[in-house]
Amino acid sequence: MRTLIALAALLAASPAHADDYWGTYGAHYAGLATGLLTAGTAAAFDPPDPPRLGPAYAPDGPPAGAPLDLSMPFAIDQRISESELAVGLATGLSVATLLGVSDDDPRWHAHDAALGYLGALTTTVALTEVAKVTVGRLRPDYARRMAWCRDHPDRRACKSGHLAKDGRKSFFSGHSSTAFAAATFLTWQLGGRFLWRDGAHWGARAGAGLGAASMLAGATWVVWSRVADGRHHLSDVLTGGAVGAGVATLWYLSLFDLQGDRRLAGSQPGRATQALMVGTSGVF
């Protein structure tokens, strides 16, 4: 919590007081704002109407030999819910910030890390939402969730049409894209600071390697759970993971070099920001 409070203070004060801040970070904040606006706008649209389903997808289940790509069992509970994913992504922001705190110019490293992490997530979410409402692919459990609504017409998700609308948002997976965006960005941070950084201690490299492997394994678990839960086709999660990893890589490399050093080191804090840093030094 202390790290997040200090980070919020830095993000709020730096734009107002850093020398040539907007000239240095203007493009990054424009990308961040564009991602937020695009994601919010896309979420307000409905995906295309579903095609007519044949007898293979009748409510009582498909006949023997029928394709199962849209008749996976429907379950309300998921292995990884949206709230659990949100907690994981928020934790990733704290980790990204902490990874920059102990380096040279720690607070500006933390600032750039937080900006890059948030930019990677917002851009990934924007691309995901646009794809979902543009493609309108049916989820693997679409037929069974429609049958569930026929059996439970009074459930709020059925009465509002949310369950049907969400059932047409299979491509591509938002869980997979955001999980891999977060894991990839943090892996780049660990790599630049410890794994392949010149002169890094072997113990630091081993710890960073274990940390990176754990985060990528966690993202892979998210990908697997979406297929196992019947929420996505395999191509949905593979595409989502690739998009998230690619976006995170672009954001990281726009702010840091391969040694983990800031590319935009020419932007230094002004006097007001320096005073803020002194005041918040105890928080770190």
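## Helices, cores and salt bridges in a predicted model

Helix α9 has 27 residues, which at 1.5 Å a residue should span 39 Å, and the 38 Å between its end C-alpha atoms agrees with that; the expected span is taken as 1.5 Å times one less than the number of residues. Helices here are DSSP runs (H or I, at least four residues), numbered from the N terminus. This is a predicted model, in which local features need pLDDT of at least 70 and side-chain atom pairs count only at pLDDT 80 or more, while totals for chains, interfaces and linings use all residues. Residues are numbered from 1 along each chain as its sequence is written, and side-chain values use heavy atoms, with hydrogens and water left out.

Within α9, the residues A208, A212, A219, V222, V223, S225 and R226 are buried, where buried means under 20% relative accessible area, exposed means over 50%, and partly exposed lies in between (1.4 Å probe, protein chains only). The buried residues of α9 pack against α8 and α10, contact being counted when heavy atoms lie within 4.5 Å. Just after this helix, G230 takes a positive phi of about 75°. Another backbone feature is the cis peptide bond from F171 to F172, with omega near -10°, and F172 lies in the loop between α7 (162-166) and α8. Most residues other than glycine have a negative phi, and most peptide bonds are trans.

The largest nonpolar core has 39 residues, and those with the most contacts inside it are Y25, Y29, L89, Y117, L121 and L255. Such a core is a set of buried Ala, Val, Leu, Ile, Met, Phe, Trp, Tyr and Cys residues joined through side-chain atoms within 4.5 Å. Two or more residues of this core come from each of α2 (21-43), α3 (82-101), α4 (106-135), α8 (174-195), α9 (202-228) and α10, and the largest share, 9 residues, comes from α8. Apart from this core lies another, of 5 residues, among them F74, W148, C149 and L163.

Helix α4 also holds T124, which is buried with a relative accessible area of 0%. Leaving aside neighbours within four places in sequence, T124 is in contact with S177, T178, A181, G244 and V247. E129, found in helix α4 too, counts as buried at 18% relative accessibility; E129 and A39 are 90 residues apart in sequence, yet their C-alpha atoms are 5.9 Å apart in space.

The structure holds 9 salt bridges, each a side-chain nitrogen of Lys or Arg within 4 Å of a carboxyl oxygen of Asp or Glu. Three of them are listed here.

| Salt bridge | Closest N and O atoms |
|---|---|
| D236 and R137 | 2.8 Å |
| R145 and D141 | 3.2 Å |
| D141 and R231 | 3.4 Å |

D236 lies in helix α10 and R137 in the loop between α4 and α5 (142-151), so this pair ties together parts that are 99 residues apart in sequence. D236 is buried, with a relative accessible area of 0%, whereas R137 is partly exposed at 29%. In the pair formed by D141 and R231, both residues are buried. R139, D141, R145, D166 and R231 are linked in a network of salt bridges.
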